[in-house]
Amino acid sequence: MTARDSSSPDTPDGPSALTRRRRWKRLATGLAVGAPLVLGGCNMYPTYGASRGATTQGRDTFKLYSGMMTTGIIIGGFVGILILFTILRYRRRSDAMPRQFHESIPVEILYTGIPVLVVAFLFLFTVLTENNVDATVPINARITTTGAPVLQVKVTAFQWGWRFDYPNNNVSVSGDVTNGPGGLGPQMVLPVGETVQILLVSNDVIHGFYVHDFNFSRYALPGVENRFDLDIVRTGLFPGQCTQICGLYHSEMLFTVKGVTPSQFQTWTAGEVAAGQTLGRNPLPAASIPPPYTHVTPSNALAAPSSKKGSL
Amino acid sequence: MTTTVESPDLIEPEEPGGPDGHGPGGHEAEHAEHGPSGLLKWLTSTDHKVIGKSYMITSLVTFFISGAMALVIRAQLANPTSSLVNFQTYNELFTMHGSLMLYLFAGPFAFGGLANYIVPLQVGAPDMAYPRLNALSYWLYLGGTSMMTLSFVVAGGAASFGWVAYAPLSNSINSPGAGTDMWLLSLGLTGFSAIFTGVNLVATIFYLRAPGMTMFRIPIFSWNMLVTGILILIAFPVLFGAVVMLFCDRHFGTHIYSVQGGGVPVLWQHLFWFFGHPEVYILALPYFGIVTDIIPVFSRKPLFGYRGMVFATLSIAALSTGVWAHHMFTTGVVLLPFFSLLSYLIAVPTGIKFFNWIGTMWGGQLSFQTPMLFSIGFLFAFLMGGVTGVLLASPPVDFMTHDTYFVVAHFHQVLIGTTVFAGFAGFYFWYPKMFGRMLNERLGKIHFWLLFIGFWVTFIPQYVVGLKGMPRRVADYLTSNGWTSLNQWSTVGAMIIGASFLFFLVNLVQSWRKPVPAGDNPWDGGALEWFTSSPPPHHNFTHLPPIRSERPVWDYNHPEHRKEESHGDKRHREHDQEKVGASS
């Protein structure tokens, strides 16, 4: 289904890690499918207004969201109806003094214990999904369809635009809302069906990298390189936008992601190179800060992809 | 305390001494007899009731200013690419809306206003433990509020980086104006005013309780104010430290939050949210307390699960100090499962509170006067805000919705549920006590229903538009986004909320022009504040009833039911006998 699933076992973190990841994934999928059924929803994953996701990570997130929303509607609905019932049933009908009871220990234990179980249940699904969403492939893994190293895109946010560098392909795209097609900001072209690793930094203040159809956002921080994977599953145009207030033109800091087939992607990169849109040809606006420190060193990332979580 | 002299019906008021042995009472009595009058009296007053009213009036003015800003924001968003206000003004408006509401209305209205007035009455004290500190707290607060409000008129305008002021946007390069410095200074001033009030609340509740008022007989509102006071002492010093460091970065060349000098911008977020999440409960616990005091009165029953309520409050407070990084899930630099688990766990004590409120109403005789209506409005508002909050405790769902209108709708439902529904429930409930006159029921109910309808019309579309991808703090959006009609619904709802407050203002004016006397206990309330006159005399009490439960006035007025209650709960009766034995 995804590029990561089809990866060969000769990746640096070895077959055991991959098998483990698959097993977790299968367990997570099984539970995620089972949960809403247990909860009584016949429509398996209602959207509740959200996007179903255009990446494997976004789809996992969507399933978690949908399951939690179903749980929330059931529990919230139960409590809401209980309140409504109580205020209608016990509205004042006479001046008789009601029975003056204070407590009921069994009932209190019941409504402490059940929420603990519900919370434990939600936390389990959260961790399983989070592991899927947060997992990053080792940086040198050769898992693209062409057998090339994993495609990396370095995304640099700045006031008030975006720059997308493709070190594998020597391509660089940069601009603000006045550039890109249709006034939607610069465009990040990505191949569908491959794992793309995003290295996200900021050139000045904190920005938010957010693509609605990916069900994902991450801060672009100055001085810290954030890394995450995207496995886009369908072609199309996905609008993105800065979500963290970053100054005057925050609301104009748009970009789009265009998902294309791998062959279209190769054609596009060749065209960009031919047009001179190569690395180093797109200087950033006068940077207020020096280039970011890389807090996640490649060796760290090889050893433990999740090690970035704890670092500050 | 000293020995309890017990007459058959009433105990004479003690003059509870402060920790240093001589309480504020004697000093205050002289003060009242020989002190100045008129404006000078107000300026020099150390009476908790005067200070409480000053706090309340100032914070309500702030509320209306800030609410008017919200209406401008909503008007701007009613149309895509609207140009009602420019980007800079828009950024200033939402920054000031958030700052005024959170720092200067929601907290001070509760702990400076209502709690300042009500807590000494509920625990049977003549005043706060440190009356002069209390006065200082108010004047610092007034200074801070004026400073933040006036920052609109300085060159460069008010602060425009959102109420959270993330570094490095708030540094001197990105926000050079004096407005930012005034914002920081205002936070320093009001931070100290909060700390002083927190000290006062904790000391008053620990040391100035009337004889017989054991810890487990304190009304829940005062219990919650005790916990709020402790949380203030935990959270606000951290904010002050963060603010001082930001000020140093801006003016003295330090690099605490800037990458250039080896600083860490995310440090600001850690410090801010270490303050900010307890702050959320500083803003919520007082209002939980208000509702917990109101529901039993209008159900004619005691609170269901008093001890459970106290422990729920304590565990919410404890958990609130360990969940700050759930505001920072998308930074990529925090340990996700830990903060996620603790955030989830807060749902448990909050759920206990809900079931206790329902249990209190269960089997009661409910009447729906204005305070009760607002309390029920709070239950529904907070239920929805709470359930969506559980979703946000999950990091993947947070990645999906962070900084979108989904989050905006979530915290407005929580905060309007608490500060507005529960806050005005408390205002309608205690107004007769404070001013000796009733508010009009019909106008109060119109206020409630307009607010309740407007509330849902405003925020349900915001959840949806957030799930459709609209980020927060944007001044405009594109027609092609498809967010227009949802935003227009939200704007209509906001205008209905705005209109509802006109009825509140008319109600206030009417109560002054045609007063309806309230009497001492218009609602058949059970806590000590309903035993004294309305408004209370300078020392609050001329005498006190025996205190044998958390609602001594109710016991006093309904002695026949007190007996039944003791039969129903053997432990309470034994507890009382122990206490009588110990004190005599």
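1. Ground rules. This is a predicted model, with local features needing pLDDT of at least 70, side-chain atom pairs counting only at pLDDT 80 or more, and totals for chains, interfaces and linings using all residues. Residues are numbered from 1 along each chain as its sequence is written, while chains are lettered from A and ligands numbered from 1 in the order in which they are written.

2. Chain A overall. You'll find 5 helices and 10 strands here; these are DSSP runs, numbered from the N terminus, with helices being H or I of at least four residues and strands E of at least two. Chain A has 312 residues, and 43% of them count as buried. Buried means 20 or more other C-beta atoms within 10 Å of the residue's own, exposed means 12 or fewer, and partly exposed is in between, with C-beta atoms placed from the backbone. Take the contacts between residues at least 6 apart in sequence: 71% of them join residues at least 24 apart. A contact is two C-beta atoms, placed from the backbone, within 7 Å.

3. Domains of chain A. The assignment gives domain 1 (14–92 + 102–134) and domain 2 (151–280); such bounds come from an automatic or database domain assignment. Where they meet, 9 residues of domain 1 of chain A are in contact with 14 residues of domain 2 of chain A. The domain 1 side of that contact divides into 2 nonpolar, 7 polar and no charged residues. For those classes, Ala, Val, Leu, Ile, Met, Phe, Trp, Tyr, Cys and Pro are nonpolar, Asp, Glu, Lys and Arg are charged, and the others, Gly among them, are polar.

4. The 4-10-9-6-7 sheet. In chain A, 5 strands form an open sheet in this order, with mixed pairing. Strand 4 and strand 7 of chain A are the edge strands, each pairing on one side only. From one strand to the next, the twist averages 25°. Two strands count as paired if DSSP finds at least two bridges between them.

5. Inside that sheet. Strand 4 (residues 187–191) of chain A runs parallel to strand 10 (residues 254–260) of chain A, joined by 5 bridges, and A:Pro191 stands opposite A:Val260. Strand 4 of chain A has 4 of its 5 residues buried. Elsewhere, strand 6 of chain A pairs antiparallel with strand 9 (residues 236–242) of chain A over 3 bridges, with A:Phe209 opposite A:Cys242. Helix 4 (residues 262–274) of chain A packs on the sheet, touching strand 4 and strand 10 of chain A, and its direction makes about 135° with that of strand 4. Axes here are lines fitted to C-alpha atoms, for helices over the stretch in contact, and angles run from 0 to 180 degrees between N-to-C directions.

6. The 3-2-1-5-8 sheet. This is an open sheet of 5 strands in chain A, and the pairing is mixed. Its edge strands are strand 3 (171–176) and strand 8 (226–231) of chain A. Neighbouring strands are turned by 20° against each other on average, direction ignored.

7. Strand 8 deserves a look. Strand 8 of chain A pairs antiparallel with strand 5 (residues 195–202) of chain A over 6 bridges. Among the facing residues are A:Gln197 with A:Asp229 and A:Val196 with A:Leu230. In strand 8 of chain A, 6 of its 6 residues are buried. A:Asn226, A:Phe228 and A:Leu230 point one way, while A:Arg227, A:Asp229 and A:Asp231 point the other.

8. The A/B contact. It takes 72 residues from chain A and 78 residues from chain B. On the chain A side, helix 2 (56–89), helix 3 (105–134), strand 6 (207–211) and strand 7 (216–220) each give two or more residues. Helix 2 of chain A supplies the largest share, 14 residues. The chain A side divides into 37 nonpolar, 26 polar and 9 charged residues.

9. Because 23 of its 23 residues are buried, helix 12 of chain B is largely enclosed by the rest of the structure. B:Ile256 lies in the loop between helix 7 (220–251) and helix 8 (265–299) of chain B, and counts as partly exposed because it has 19 C-beta neighbours inside 10 Å.
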